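This report describes a sheet and the aromatic contacts of the structure shown below.

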Amino acid sequence: QVQLVESGGGLVQAGGSLRLSCGASGRTVSSYAMGWFRQAPGKERERVAAMHWNGGTTYAESVQGRFTISRDKAKTAVFLQMDNLKPEDTAVYYCAAYAGTTFFSAPAYWGQGTQVTVSS
């Protein structure tokens, strides 16, 4: 059983930065694709960033150049560095693990989510 636990959310002013962390138990994050999603009130959940098992990444156009997905060398955690945050980035952010090595499918496992609020 895979368990994902996010941390690092909070309140920040526009232009500020936050770093989200996702601890994974039950698997090493380097063996599977991992992703970060977010859901704002009244909106559908959207993928923000994802990483293939081989390190390849993809980002939503709205965060390209501002967010960076990475994983630690111990291969037990995935991070989302968020810079130059905007009020429209306010959402609950979810860590996700895919069943396979690529992110061309729906995630199989989800974390509980962490709130990110960006004030103007």
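How many aromatic pairs does the structure hold? It holds three.

## Basis

This is a predicted model, in which local features need pLDDT of at least 70, side-chain atom pairs count only at pLDDT 80 or more, and totals for chains, interfaces and linings use all residues. Residues are numbered from 1 along each chain as its sequence is written, and side-chain values use heavy atoms, without hydrogens and water.

Rings of Phe, Tyr and Trp (its six-membered ring) pair if their centres lie within 6.5 Å; planes under 30 degrees apart are stacked, over 60 edge-to-face, and the rest tilted. Phe37 and Trp110 make an edge-to-face pair, 4.9 Å centre to centre with 70° between the planes. Phe37 belongs to strand E4 (residues 34-39) and Trp110 to strand E10 (residues 109-110), 73 residues apart; strands are DSSP runs of E, at least two residues, numbered from the N terminus.

The ring centres of Tyr94 and Trp110 are 6.4 Å apart with planes at 90°, so this pair is also edge-to-face. Phe37 is buried at 9% relative accessible area and Tyr94 at 14%, while Trp110 is partly exposed at 35% (buried is under 20%, exposed over 50%, partly exposed in between; 1.4 Å probe, protein chains only).

## Charges over rings

Arg45 lies over the face of Trp110, 4.5 Å from the ring centre, and Arg19 over that of Phe79, at 4.2 Å. The criterion is NZ of Lys or CZ of Arg within 6 Å of the ring centre and within 35 degrees of the ring normal.

## Sheet

Four strands form an open antiparallel sheet in the order E1-E3-E8-E7, where pairing requires at least two DSSP bridges between two strands.
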